[in-house]
Amino acid sequence: MKSEIKNSLFLGLFLTASFFVLSAPLLAHHSQAVYDEDHLVTVKGTVSKFEWINPHILLHVEVKDDKGNIDEWICFSGSPSMQAREANWNSEEFKPGEQITVQGFPQKDGRKIMLGAKHFRANGDEVQESLAEQRIYQGYADRRAKEGDKK
């Protein structure tokens, strides 16, 4: 009887450990390598859609080019829970029709998709960002400063 309990306990511990080992990749996050974090771009336009969805918030911005054509930029931000917790964002943070300026890092393949790092209202007020966005922008600023020191 004691041996059965030992075997059951061992099997339970083995299955639990196996579950954690196999589920670890599910907790992994994808890379930001698709974004060119050495080139900051600024887009100014009109919010067409604000998606408060997981895994990332999406802000759609209609931007007029030099010829008056409208391009839609999609600006990624952190998760809703992270933005709510760290930057006090909510599902009504940006409204369709609102004028906005977004600074961020464009996708390397040329599509009009960016990792948003800073957001500004039409009146120039900066919107608070999560720690992740702050770190991404600060990394860019630090690299620029180092390059300036080398010149």
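A search of the whole structure finds 7 aromatic pairs, where rings of Phe, Tyr and Trp (its six-membered ring) pair if their centres lie within 6.5 Å. Two things describe a pair of aromatic rings, namely the distance of the centres and the angle of the planes.

The model on display is predicted, so local features need pLDDT of at least 70 and side-chain atom pairs count only at pLDDT 80 or more, whereas totals for chains, interfaces and linings use all residues. Residues are numbered from 1 along each chain as its sequence is written, and side-chain values use heavy atoms, with hydrogens and water left out.

**The strands**

Next, select residues 41-51, which form strand β1, together with residues 99-106, which form strand β4. Strands are DSSP runs (E, at least two residues), as are helices (H or I, at least four), and both are numbered from the N terminus. Two strands pair if DSSP finds at least two bridges between them; β1 and β4 do so in the antiparallel sense over 6 bridges. Within this pairing, Thr42 stands opposite Gln103 in β4.

A hairpin of 6 residues joins β1 to β2.

**The loop between β1 and β2**

Display Asn54 and Pro55, which are joined by a cis peptide bond with omega of about 5 degrees. Pro55 belongs to the loop between β1 and β2, and His56 lies in that loop as well. His56 is buried, with a relative accessible area of 17%; buried means under 20% relative accessible area, exposed over 50%, and partly exposed in between (1.4 Å probe, protein chains only). A polar atom of the His56 side chain lies 2.9 Å from the backbone oxygen of Ser77.

**The nonpolar cores**

Now select Leu59, Val61, Trp89, Phe94, Ile100 and Val102, the residues with the most contacts inside the largest nonpolar core, which has 16 residues. Such a core is a set of buried Ala, Val, Leu, Ile, Met, Phe, Trp, Tyr and Cys residues joined through side-chain atoms within 4.5 Å. At least two residues of this core come from each of β1, β2, β3 (70-76) and β4. Apart from it lies another core, of 7 residues, among them Tyr35, Phe105, Ile113 and Ile136.

**The loop between α2 and β4**

Move to Asn88, in the loop between α2 (80-87) and β4. Asn88 has a positive phi of about 60 degrees although it is not a glycine. Most residues other than glycine have a negative phi, and most peptide bonds are trans. Asn88 is exposed, with a relative accessible area of 56%.

Glu93 is located in the loop between α2 and β4 too, but Glu93 counts as buried at 15% relative accessibility. Not counting residues up to four places away in sequence, Glu93 touches Phe50, Asn88, Glu98, Arg121 and Val127, contact meaning heavy atoms within 4.5 Å. Show the side chains of Glu93 and Arg121, which make a polar contact (2.7 Å). A polar contact is a pair of N or O atoms within 3.5 Å; within protein, one must be able to donate a hydrogen and the other to accept it, and residues adjacent in sequence count only if both atoms are side-chain atoms.

Technical notes: Phe/Tyr/Trp six-rings, centres within 6.5 Å; stacked < 30°, edge-to-face > 60°.
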